[in-house]
Amino acid sequence: MRLQTFTFVLLCLVVFPYCMRKGNQNPIFPILSDSKLDSPYFYFSYGEDIGNNEYSEERFFDFGDAGFCLFSLPLFLFDRETGVKFKICLPNHPDTKSYWKDAFSILDEISPTGHPREGWGENWHSKHIKFSEWEKEHKGRIPLESYANNLLIDGTVAYSRFDVPDAEFYKWSERECEILFPSRILATTVSQIRFISLEFDCTGLTSFKERILEQNEKWLLVCKPDAPIVSESFRHSDSIYKHYLEWENPSENVICPRYDSFGFEEANVSQKIEIGEKNLENLKVFHRLLLPGGSFIFRDSDTMSGVKLDSNLTEKIGKDGFWSLGNNSSAEVKYIFSQGGEYFSHSRNGASCRNSFNYYITKDSFCGSPGLPNRIASAVLESGYREKSCSVEDIRLTEYFSGTTNHPGLTLGAYLEFTNEGETCDLSSLELVYEGDVFSFQANSKLIFKGEVFLVSRSAWEGWPFLSIVKPFSTKQIRFQIPEIKIIERESQKTKSISGSENHYVLTHIAGLVRRSILADADGRFVPHPDLNSHPYFITKGLYISPGEVVGFDKHDYLPLEISEVLLKGTKDGAGTYSEKFLEWQSPIDRQGFVYFSIESEIKRNFVFWKERDMFFPFVRTGSFICLPLGGFDFPDGILNDQQMMITSLDSGYQTISLENPRLRFNYNPLIYQNSGIDSNFRISIQPEANPFFSSFSKKSNGNCSDFTYASPGAGNRKGIQVAGFEKRISESENILGIDHYLMIPESLAEGTSRLFSSSRSVSFVLVFETILGKTKPINNEFADMESFDSDEIVFSEFHFPSESYHQTLIHKQGSIVIEGVFPNPNNPQNEWIYICNRSDHSEDLSLYSIEDENSSDGIVSYQTRFPNQSPVFSGSSHPDFTSSILAPNVCAWIVDPEGENWYFPPIVRNTDKLLTVVSTSTIGNGIAAQEKLDLYKMKNGIRVHSASYGKKTTLSPFSVKTGTDEYSLLVQGKIGNSSGDFQIFQVQH
């Protein structure tokens, strides 16, 4: 039987206007004349032109009184077959047409409802028969001539364009011939294949072997040594189609490929799997020639047409890799063939599923056309429909829901909600790409009306008043963004990408549970589903979604919330450290709406969440729930890092609300803890504050990990005491800075004391507070009284709050000489320097001063005093004065290592600057360490006066300025030097 052996069929695509020349000048099928047939007449054709008759799947044609013809293929395919085809015309009698119409109808019924009757006519007889019955009847008989399985009885090969079962011809004697018309029903076993057997008088019928050989020789003379390509594939054991792999000749030429080898190379697997020798030999014999646009099939089903393929190769269909045929290869990609109870082949040149002509008839809901060109009937079928096929412009995504995991009392799979914004159209023309997996919307025609809403979901929505299409989406829950989605027109491959920006995130989950879906508008904006218009049933389940209903939202609506608390260093308890981090806002409790913000470090990322009405302190978080309370919006990992970043509250257009307010635009720097002297063993959250604080710190509270972690996400902030001062010049004649006034947080403070002190004097007093417009400041007159302190010395202020165990020391006033820069770690260790300036209104003799590091103290002299017979060598064009130690007002000096030379000085160096060094040692102190603290002292009237400090070494609030190799620090203009943040770090420019 044809179905038991390999059959080669070549397809001529509809788009080819001319497939081949005629094989014979005299047509083998003469047009019937008006004269009536008086006996059966058999016509054989090979190598003829393609016809273009109207679409019909019938296998017969009524010529009226002239006769009634039966075709070896359905008429639509018969007209387009340029290889083997034949027909038999019978004398027409009144019941001939009705008999054959009923006979073929019953033949192609999956479960025949009528009993097939035998047919009789002038010199012909027909009956329905199964292959097992036919084989038994003809056991031992050998025909004189036959055509079956693309073979004549002597093994001569005849080629076809279509690899589908066609009629078979047998000549049993000089008068007796038989044609078997196969059923289009794809049987489960060969023995169950059904036929109509037509026996007829064929007296005088000549052999058609010579015609086949002649045409084969003509094709061999003109064929091209090109290779076919993979055109369609399918693999699913539960489907009656089992596994098949279709190849096609895409050209307009007859090709004669070289079949040296055939196999599969799977991606990331080194071993290549080869076809067996017997099947490879069949390939060489039956497909020596491929007609223009023709196809052939590898399959493992015994009831389908095609070449048998080894099971170790069929199982590779739909896996990433390459099919290799000789020196040519065709890609195979991962594909999901079973989708929600429907089956889809992977067509490389697909058509709308409703326009994919499938020869086989099965119970499967199947989209594919094995053995036929994918688009052979596309244009003609499409033209016959009143409703057009859907285009990508018609379909818009309106909602995405990620599905539930561990949600109490409810299990829902992920879904995509679409609406048809065009006219009524057929959905089977489109494919959906979801996270790289391809899903066709429908295997059969499905009309959707204008404005209709439908779901594509992992779960079935039975009983709901909308179309639900089930697809086996990945079980991976995609949060924070919509999946990578594309809609593709199967025929034109026109594509619409729907996915949002990779740097745009929508926060919909709280404490690990999904809370909301994501809505999409026509402009491509994505937001979390608001409370409004959510389905009442799902609200009772704690979900805000609206499947089947398009919900609009005000794209201009937003809440301008202030950032209230930040913890990016993680949490800690006595057992270990954890990656819990959070970012919190403060909001009026009766407000609800969208909150937009961005985080910018290396790149800028935008975020949006829906603030519910009862959320006073909404926050986003990462990490497990060990030290932090249960709650907060889940946040993508890897973004809330302990690195410098800008956190900005945005409006609905993702524009910055304020550039000045640190609570709306917070510049986080992890050095803030070090600069503030906070012990690194603790994890303390930060509250953005207005100038001059810019940040405050949480204090210890009762809660998990409270001995090491101070934070209160989702609740009122417990701020630790913070003191900051506003710098101001103390007089018009001097550039010395002092604190004009202090501010303190929190607003309500318990009793506290303060002390102003220097190296020579100390004044203590009880603090008196005043709070105006939310700002608390001490109003003690003592802060303004500097008359009792030496004008040349540095004055400190100290604050003490016993109830909070709080101590803080600040520089209250600079001395006459200020340390304004340090180069502690040059590439050449001998080239370190200290930069000092005279900010008073009088000259200072630096020979009265000494510089002190954390280990030793050295007097200061001019460079010439130390080296009277030596001139210093400078690396740049500036040459500071090295002859004097007298520093005039607003003149600066560089204290250098005595063993150095070719010092690097920043661009601020001037020729009027002084070059100084130490009196006798070989280094400044013991050499300046990278984070060392320094102090400057002056001998005045026999008293050692503290003039300047770099790091506040002698106080309760010391700090260090961190610099790397070849980095130096400079005091920021207008800053007094109370923290490392008052110094800017620069890199040497060679």
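Strand 21 (residues 342-344) and strand 23 run parallel and are joined by two bridges; Phe344 has Cys367 as its bridge partner in strand 23.

The model is a predicted one, in which local features need pLDDT of at least 70 and side-chain atom pairs count only at pLDDT 80 or more, whereas totals for chains, interfaces and linings use all residues. Residues are numbered from 1 along each chain as its sequence is written, and side-chain values use heavy atoms, with hydrogens and water left out.

In helix 5 (residues 277-286; helices are DSSP runs of H or I with at least four residues), the residues Asn279, Leu280, Leu283 and Phe286 are buried, that is, under 20% relative accessible area with a 1.4 Å probe and protein chains only, exposed being over 50% and partly exposed in between. Because these residues cover an arc of only 145 degrees around the axis, they lie on the same side of helix 5, the arc being that of the directions from the helix axis to the C-beta atoms. Glu277 and Lys278, on the other side of helix 5, are exposed. The buried residues of the helix pack against strand 8 (151-152), strand 14 (262-266), strand 16 (295-299), strand 17 (307-308) and strand 18 (321-325).

The loop between strand 69 (914-918) and strand 70 (934-940) contains Glu932, and Val919 lies in this loop as well. Glu932 is buried yet has no salt bridge, the nearest side chain of opposite charge, that of Lys953, being 8.4 Å away; a salt bridge would require a side-chain nitrogen of Lys or Arg within 4 Å of a carboxyl oxygen of Asp or Glu. The side chain of Glu932 does, however, reach the backbone nitrogen of Glu854 at 3.2 Å, and one of its polar atoms lies 2.8 Å from the backbone nitrogen of Ala929. Residues up to four places away in sequence not counted, Glu932 touches Asp853, Glu854, Asn855, Gly927 and Tyr950, contact meaning heavy atoms within 4.5 Å. Val919, at 42% relative accessibility, counts as partly exposed, and, its neighbours within four places in sequence aside, Val919 is in contact with Gly859, Ile860, Val861 and Arg866.

Terms used:
Lys and Arg count as positive and Asp and Glu as negative; His and the chain ends are not counted. A polar contact is a pair of N or O atoms within 3.5 Å; within protein, one must be able to donate a hydrogen and the other to accept it, and residues adjacent in sequence count only if both atoms are side-chain atoms. Two strands pair if DSSP finds at least two bridges between them.
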